[in-house]
Amino acid sequence: MKTIEVKKPSAYTTQIGPAHPALKEPVMFTLDIEGEQIKKVDFVPGMAHRGIEWMGMRRNCIQVLYLAERICGICGITHSISFARAVEQIAQIQVPNRAHYIRAIVGELERIHSHLLWAGVAAHELGFDSAFYMAWRCRENVLDLLEYLTGNRIHYAMIQIGGVRRDIVPDQFPHIEESMKFFEEAYDKLAAVFLDDTTVQMRCRDCGVLTYDEARQLCPVGPTARASGIKKDVRIDHPYAAYADLEIDYMTPDVLTGEVRGDVYDRIITRLLEVKQSVDLVRQLISMLPDGPLLAIPKPAVLLAKLKGAAGEAVGRHEAPRGEVMHYVRLEAGKDEPVAWKVKASSYSNYLSWIPMMEGAQIADIPIIAASIDPCISCTDRVALVRQDTREVLTKEELHRLSVEKTRRIQASLAK
Amino acid sequence: MNATTLLLTATGTLGLAIFGLLAGLWFMGIDRVLAARMQARIGPPIRQPFIDMAKLMVKQNVVPANAIPWLFNGAPLLALASAITILLYIPMAALPGLPVLNLHGDLVLIMYLLLIPGLAMVAGGLSSGSPYATIGAQREMVTMIAYELPLASTIIAFAWKLAQLDVATPFSLASVAATPIWTLVGPVGFMGLLLLLATMILVAPGELGRIPFDAPEAETEIAGGLLVEYSGRNLALFSLSLAVKTIVVTALIVGLFFPWNFTDIVAITCCPFLAAGANILFFLLKLFVVLFFSVTLIRISVARFRITQVVDVYWKVLGALSIVGLILVMVDARI
């Protein structure tokens, strides 16, 4: 018997990126496509490595704080809070309560601005430019508010190790409340455009699905995880700053629709709900703002001297608009600069969700799926291997070998 | 054809080409300003498309190393030439001597000619050797197949109605223009015509590659698709052909559905030049209204469709709509 072999059409391999209008930052997707359908997808990050940790390990901790803020152009306060929390734990500095509240206020305002920026980008990826302009026009309001409170639209320089650098005084409350009212109204408008529009639904419903089980396996963080129904939020699970005092709940899409599908549309819902939640949180924070000092150690020289004496290691975490950010810091007594500084940005945890989301989708869905996890590529890129003119990619085994070698090296240095 | 008619045809063609280019660019400028205002932006000056063209003309014209040069360079010329050719078949503002090629073609020819600029873009895209352009070319072909059904049903409805009236040339656009179709039907047919008008209004953005039917060019997906490798003079030619095509498509809708002239509404007897001037302005106004509703308003209020959704919308929704319209027009004749 001769079996008839049916030759399957071979997939066509194409690339999107590193430089492509769908991507705001460089990352390269390699796609096996059949017609418009994506069969297999792989991606290569690492094009935006800036060596920021290397720079940090040559500066004192107060200088690193402002460098950390510049890891991301959008969520600046995220990195400075995380770094400050790590250092505060090592040096055992007790942050005053008022500073905790002010940190949380700025953090929540930043979340509003980041989510609106994302909404605009997502609309643009869908070719819906009117919604893009609308979202960014709303975002201007919170940027103005941030400038009013901190002096800067982004990179607020609000955080100091052991507190905050600027106060929020009662004279400023009416201005904040005005802005919060604006966002309550803006939420209704944005929800009408993003959630009720037929074409947005056509493009986003059941597109880029990350199921609950896949999400459990891949461990994404932030809105990407919550949109798949995973109740996970650093603000609630491991409260820091003032979050333990607040009424706060996980924003999963079933809050609004009663079901979780884990698609791009659910990620839109999650982020819009979080804008609304942030408005509520800012109001709570303002109403409960305690009196007291802003800084544990007001004089930078004293602070630096204390940090120079501190030794140990710690992890600082913060729920960034994109999810959990983690800073690992190790200080040694007698040294101004951190001996080790490792930044894990939220997108690092979310990258791998791209693969189940994209497989089976169409080419047309790539931009919105790529955008749906709100990737921050330059925040995430921690390493690039370049030897002469060739880039190298390390396999899992090589990485494992390298990390074992490094652990041995550290153990040897500690034993001395 | 004697020497005089040849000369007249040549002059008319040249005049129409210039009119099509200028009016097309001007309308594109208006479209951009209006879209900007509706998005609460200031927008570019109305003359921006002219500035863009002037700039593209002096910029370097890059031909990719793995392109097929003669096809790559020829496609933009073909697109522009074919777009201008269609203008020669479309009656405008009751001007004497228009359409220039009145007796040589009808609606069926126009339907085929409308495909040529698109096919030229497909040829150019495929010959440019870029994977994005290849995807764009495939999408453009699918889009063309998709909008053909609603377009054809609309044209059949018109021709059928005129054939009922024993018009000698039912497929001729001049006959359609001479007998406004709305006056020929009763209430049921009127409903049918409204459906057909809605269909044509939605076919126009597909013809012109505008949002939501711009999958072949989709900037954020395939980086400009068909046009990704084009630059300088070649890109300018494609843009010009789009400008002319804008006039062609809107003028076709005007010619089919709104053939009235200013002088039909208000009689101007004192001066023939005044009457002609008023007619031209009125014609431009009609073009503008159609452009506003079929391009500007739609493109700012929706997101881009996937290519599968483009086909679904054109075949299932608009195809059904236009066939219902056609049936209503036919039923109307029986009542």
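Guide: Take Ala314(A), whose bridge partner in β7(A) is Val329(A). This is a predicted model, where local features need pLDDT of at least 70, side-chain atom pairs count only at pLDDT 80 or more, and totals for chains, interfaces and linings use all residues. As for labels, residues are numbered from 1 along each chain as its sequence is written, while chains are lettered from A and ligands numbered from 1 in the order in which they are written.

Back to the pairing: β6(A) and β7 (residues 323–331) of chain A run antiparallel over nine bridges. Strands here are DSSP runs of E with at least two residues, and helices are runs of H or I with at least four, both numbered from the N terminus; two strands pair if DSSP finds at least two bridges between them.

Zoom out a bit and you get an open, antiparallel sheet of three strands in chain A, ordered β6-β7-β8. β6 (312–320) and β8 (340–344) of chain A sit at the edges with a single partner strand each, so one side of each has no neighbour in the sheet. On average, neighbouring strands in this sheet are turned by 10° against each other, direction ignored; the axes are lines fitted to C-alpha atoms, and angles run from 0 to 180 degrees between N-to-C directions.
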